[in-house]
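Subject: Structure handover

Hello,

The structure is below, with its sequence. My notes on strands, helices and chain contacts follow it.

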Amino acid sequence: MERELRLMKGNEAVAEAAIRAGADGYFGYPITPQSEILEYLMEANPYTTTGMVVLQAESEIAAINMVYGGAGCGKKVMTSSSSPGISLKQEGITYMAGAELPCVVVNVVRGGPGLGTIQPSQSDYFQAVKGGGHGDYHLIVLAPASVQEMADFVGLGFDLAFKYRNPVMILSDGAIGQMMEKVWLSPQKERSKTVPGWATTGKPAGRERNIITSLELDPDRQEVFNRKLVVKYNEIRANEVRCEEFSCEDAEYLMVAYGTSARVCQKAVELARAQGIKAGLLRPITLFPFPSAPINKLAEKVRLILTVEMSAGQMIEDVLLSVSGKVPVYHYGRMGGVVPTPDEVVDCLKTKIIGG
Amino acid sequence: MTEEIIIAGFGGQGVLSMGKIMAYSGVMQDMEVSWMPSYGPEMRGGTANVIVILSNERISSPIIRHFDTGIILNQQSLDKFEEAIKPGGVLIYDGNGITRHPVRKDIRIYRVDAAEEASRLKSPKTYNMIVLGGFLRIKPVLTLENVIKGLRKSLPERYHKLIPENEKSLLRGEEIIKEVKVN
Amino acid sequence: MKEITGMKEIIKPENLVYKKSELLTENIMHYCPGCGHSTTHRILAEVLEEEGLRHDAIGVSPVGCSVFLYNYIDIDWQEAAHGRAPAVATGIKRLMPEKFVFTYQGDGDLAAIGTSETIHSCNRGENIMIIFINNGIYGMTGGQMAPTTLPGMKSSTSPYGRDVSIMGNPLKMTDIVATLPGTYYVTRQSVHTPVNVRRTKRAIRKAVQYQKLNKGTCFIEIVSNCPSGWKMTPVQSNKWMEENMFPFYPLGDLKTPEEQPAN
C-alpha cells in the first residue's frame with residue numbers, strides 16, 4: 001500500500017496514525033483542544049477494520065487505567081488529553097512507569113495553571129520531562145512541530161515504548177493539535193499477533209505467573225529496581241536523542257525551541273538573517289532524552305543562546321545544564337495561550353539581548 | 001510566493017470551511033498549506049476566524065499576527081483585524097451589517113456584498129463561495145480548477161451534487177467584488 | 001519435623017476428602033487470624049481451578065489488605081492503583097475478551113476512591129467479575145473509617161463512633177450497582193460459616209458461567225470481618241458481624257438472571 005497524502009488537523013493525524021500503526025486500543029475522555037482524537041477514532045470505528053478497540057472512559061483517570069490494563073496484556077494502547085486531564089492521568093502514568101508498561105500518552109497542551117486557557121501553551125514541560133507523578137521516573141518525551149510529526153510520532157512512540165518498556169509522551173500543543181497541514185500517512189500496519197513474554201495473557205502451563213505491579217515493600221529490593229530504571233534511562237539518553245538544526249553552521253546566536261515555538265523561531269532565524277544577524281535554531285525533538293550534547297557543542301562557538309518557550313521558562317533549565325555556563329542563556333516566553341511572533345523574537349534578540 | 005490570510009466572521013458564515021477549501025485547493029496546486037482556526041467556546045455562535053497560509057516553501061510559524069489579506073465578514077472582526085493587515089495588503093469585506101467601514105489608506109480595500117448576493121441567488125449555503133470568488137479575483141493565487149478540486153476533496157461525497165451551485169457562486173463573487181476608495 | 005505416629009497409614013489417595021487447590025501457591029498468607037480474605041482466596045482459587053481457568057484467568061488485585069493477592073493464586077495478575085481495578089479490568093477484558101477477567105477489591109478501594117470506576121464499569125456492563133470485600137473499615141492502613149462503616153461504629157478516624165450528621169452515611173454500593181442495566185448478577189454473601197462459604201463459592205461459579213456467556217458485570221459483595229481493625233477476637237468479630245453488619249447489609253441475591261427485565 002502506498003503512502004497517502006491528506007490535509008488533516010494534528011489531532012486527526014494522531015488518530016489516523018494510531019489506526020495505521022496497528023494500535024490495539026485507545027481510551028480517552030473529551031477535553032479541548034484534543035477532543036478530535038476521540039471523535040475521529042469513534043467515527044473511523046477501527047474495530048470493524050483492524051480490530052482496534054476505542055472506548056470513551058468516564059474520566060481521564062479511568063482512561064489511563066484502562067491503558068494500564070491493556071498495556072499489561074502487552075497490547076499497543078494509548079490515550080490522549082490536554083493539560084488538566086494529563087494532571088489527572090499522572091497517577092496512572094507513574095504506576096505505568098513503575099510497572100514498566102509501554103504506552104503512548106498524547107498531551108495537547110493548553111495554558112495553565114488550573115483550568116487556565118484552552119489556547120496553546122508549553123507550560124507542561126516540567127511535568128512531562130521531570131516526572132509529573134511521584135517517584136523517580138522518566139517518560140520518553142517526543143515534541144512534534146508539525147502535523148506530519150504528530151502522525152509519525154505515534155508509531156515511533158510505540159516502538160520506543162516497547163523497546164524500553166516505558167511510557168512515551170507526545171508533548172504537543174493546541175496549535176499543532178488544531179491546525180491542518182499536509183500529512184503523508186504511512187501504510188496500514190497489521191496489529192501484532194504476538195505479545196512480549198512479560199504480558200499477562202493467562203498463565204500457560206510451564207511458565208511462572210506474570211505479575212504487573214509497581215509495589216515492592218522491601219526497601220533493598222525497591223532500590224535494586226530503582227537502579228534498574230536508572231540504567232534504562234541512561235540507555236535511553238545514550239541512544240534516543242533526536243534534534244534538528246537550522247542554520248547553525250555559522251550561527252553566532254543560537255535559539256533553542258521545540259514544537260510550535262520552534263516553528264516561530266525558524267521564521268525568526270530567517271528574519272534575523274535578513275537583517276544581518278547570524279542566528280540559528282536547534283530544535284529538540286526528544287525532550288527526554290534532552291539533546292544536551294549537541295547544545296553543549298554549539299555553545300562552544302555561539303555568543304549566546306536564546307530559548308523561546310510558551311511558558312515562564314522551563315526548558316531553559318535543561319539548556320543551562322547543557323551549556324555548563326559556557327555562554328549566557330536568555331529566555332523569551334509568552335504565556336497564557338499567547339503564541340510569540342517571529343518579529344517579537346527577533347526584536348527581543350536584537351534590542352534586549354544583543355543591544356542591551 | 002507566500003500568501004498569509006485571515007478569514008474572520010460569525011460562526012455559521014462558513015469561515016472555517018472557506019479556509020479549509022482554500023487549504024485543500026493549495027494542496028491540489030502542490031503548495032505547502034496551513035490552516036489554523038480559532039477554537040473553543042467562543043466559536044459557538046460567536047466569532048470564528050482562521051489563518052490560512054499558502055506557500056511554495058515550507059511554512060514556518062502557522063500562527064501570525066499580520067496578514068497579506070484579511071477576509072472580514074462582520075463588524076467585530078473588522079474592528080479587530082483591520083489593523084492586522086500588512087501595509088500594501090488587501091482587505092476584503094462584506095458590507096452587510098457594517099456601520100463603521102474600513103478607513104486605512106495604506107492598504108487596498110475591496111467590498112464583496114456576498115450576503116445580499118446569496119440571498120438574491122437564493123443560495124445562502126454558498127455565501128462563503130461568493131466571498132472566495134471575490135478573493136480569487138483580487139489574489140489569483142489559486143486556479144479555479146484547483147479550487148473545484150479542493151471543494152471536491154473537502155466536501156463529503158453526499159454534497160458533491162452541490163458543486164455546480166458552488167462554482168456558480170464563485171464566479172458570481174468574481175464579478176461583484178469592487179474596490180473601495182477611502183477618502 | 002517429628003513423625004506423627006500413624007500418619008503414613010492415613011495419608012492415602014483413597015482417604016482424601018479435601019485438598020488444597022493447586023492454584024494456591026506455597027506462600028504463607030499475611031492475613032490476621034480469622035480474616036475472611038484467606039477463605040475467599042481459597043474458594044476463588046478452587047473455582048478457577050474447577051472451572052478450568054488456570055490458563056485463562058487474569059486477576060486485578062487492589063490496594064488494601066489483599067494487595068498481595070497475586071502472591072497466593074497462581075494465575076496472571078495486574079496490580080491496580082487504589083480504586084482503579086475496574087478500569088484496569090476494562091482495559092484487559094476489552095483487549096483480551098476471551099480471558100476470564102476479575103477484580104478483587106475492598107470497601108475503601110471500591111466504594112470510596114474507586115466509586116466512579118465501579119459505577120461506570122458496571123453501567124457499561126463490562127464483562128468482568130467484581131468481588132467486593134466489605135468489612136466496614138480500612139484494614140491495611142490501620143482501621144480508619146470506610147464508606148461502609150456502620151452508623152455509630154468506632155474506627156481510628158471515628159473514635160467516638162461514626163456520626164452520620166458529620167461523617168455521612170454508609171454507602172450500599174451493591175444496592176446501587178444492582179440498579180444499573182449493565183450488571184447481570186449482583187449478590188451479597190459471607191464466608192464466616194461453612195454454609196455461607198458454599199453459597200459464596202456457588203455465586204463465584206455463577207459469575208464465571210455468566211462471563212463465559214458475555215452477560216455483563218457480575219458483582220459479588222462478601223460481607224466480612226476485620227478482627228484486628230474491629231479490635232475483637234475472630235469469634236467475637238463474626239458474632240458482631242452477624243448482629244450488626246448483616247441487618248444493615250442483608251445477605252442474598254440483589255439481582256439474578258431470572259429477574260432480568262425482558263428484552
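One open sheet of eight strands has mixed pairing and the order β9(A)-β2(C)-β1(C)-β3(C)-β4(C)-β8(C)-β7(C)-β9(C). Helices (H or I, at least four residues) and strands (E, at least two) are DSSP runs, numbered from the N terminus, and two strands pair if DSSP finds at least two bridges between them. β9 of chain A and β9 (252-255) of chain C stand at the edges, each with a single partner strand, so one side of each is left without a neighbour in the sheet.

Before the rest, the conventions. This is a predicted model, in which local features need pLDDT of at least 70 and side-chain atom pairs count only at pLDDT 80 or more, while totals for chains, interfaces and linings use all residues. Residues are numbered from 1 along each chain as its sequence is written, and chains are lettered from A and ligands numbered from 1 in the order in which they are written.

Sheet of chains A and C

Strand β9 (residues 211-212) of chain A pairs with β2(C) in the parallel sense, over two bridges. In that pairing A:I211 stands opposite C:W77 of β2(C). Further along the order, strand β4 (residues 129-134) of chain C and strand β8 (residues 217-223) of chain C run parallel and are joined by six bridges. There, C:N134 has C:V223 of β8(C) opposite.

Contacts between chains

Two residues are in contact if their C-beta atoms, placed from the backbone, lie within 7 Å. Two pairs of chains touch, and the most contacts are between chains A and C. Chains B and C do not touch, and their nearest C-alpha atoms are 27 Å apart.

Between chains A and C, 35 residues of chain A are in contact with 29 residues of chain C. On the chain C side, the elements that give two or more residues are β1 (57-61), β2 (76-79), α3 (85-95) and α5 (115-124). α3(C) gives the most, with eight residues. By class, this side of chain C has 14 nonpolar, six polar and nine charged residues. For these classes, Ala, Val, Leu, Ile, Met, Phe, Trp, Tyr, Cys and Pro count as nonpolar, Asp, Glu, Lys and Arg as charged, and the others, Gly among them, as polar.

The contact of chains A and B takes 17 residues from chain A and 17 residues from chain B. On the chain A side, two or more residues each come from α7 (174-178), β8 (180-185) and α9 (259-274). The largest share of that side, four residues, comes from α9(A). Its residues divide into nine nonpolar, four polar and four charged. Strands also pair here: β8(A) and strand β2 (residues 32-37) of chain B run antiparallel and are joined by two bridges. A:M180 stands opposite B:W35 of β2(B).

Within chain A

An open sheet of seven strands in chain A has mixed pairing and the order β3-β2-β4-β5-β7-β6-β13. β3 (53-56) and β13 (286-288) of chain A are at the edges, each with a single partner strand, so one side of each is left without a neighbour in the sheet. Neighbouring strands of this sheet are turned by 20° against each other on average, direction ignored. Strand β5 (residues 103-109) and strand β7 (residues 167-173) of chain A pair in the parallel sense over seven bridges. The bridge partner of A:C103 in β7(A) is A:P167.

The axes of helix α1 (residues 10-20) and helix α6 (residues 147-164) of chain A come within 8 Å and cross at roughly 30°. Axes are lines fitted to C-alpha atoms, for helices over the stretch in contact, and angles run from 0 to 180 degrees between N-to-C directions. α1(A) and α6(A) are therefore roughly parallel to each other (angles under 35 degrees count as roughly parallel, over 145 as roughly antiparallel, 65 to 115 as roughly perpendicular and the rest as oblique).

Within chain B

Strand β4 (residues 67-72) and strand β5 (residues 85-93) of chain B run parallel, joined by five bridges. B:I71 has B:I92 of β5(B) as its bridge partner. Four bridges join β5(B) to strand β6 (residues 108-111) of chain B, and these two also run parallel. In β6(B), B:I109 stands opposite B:L91.

Regards
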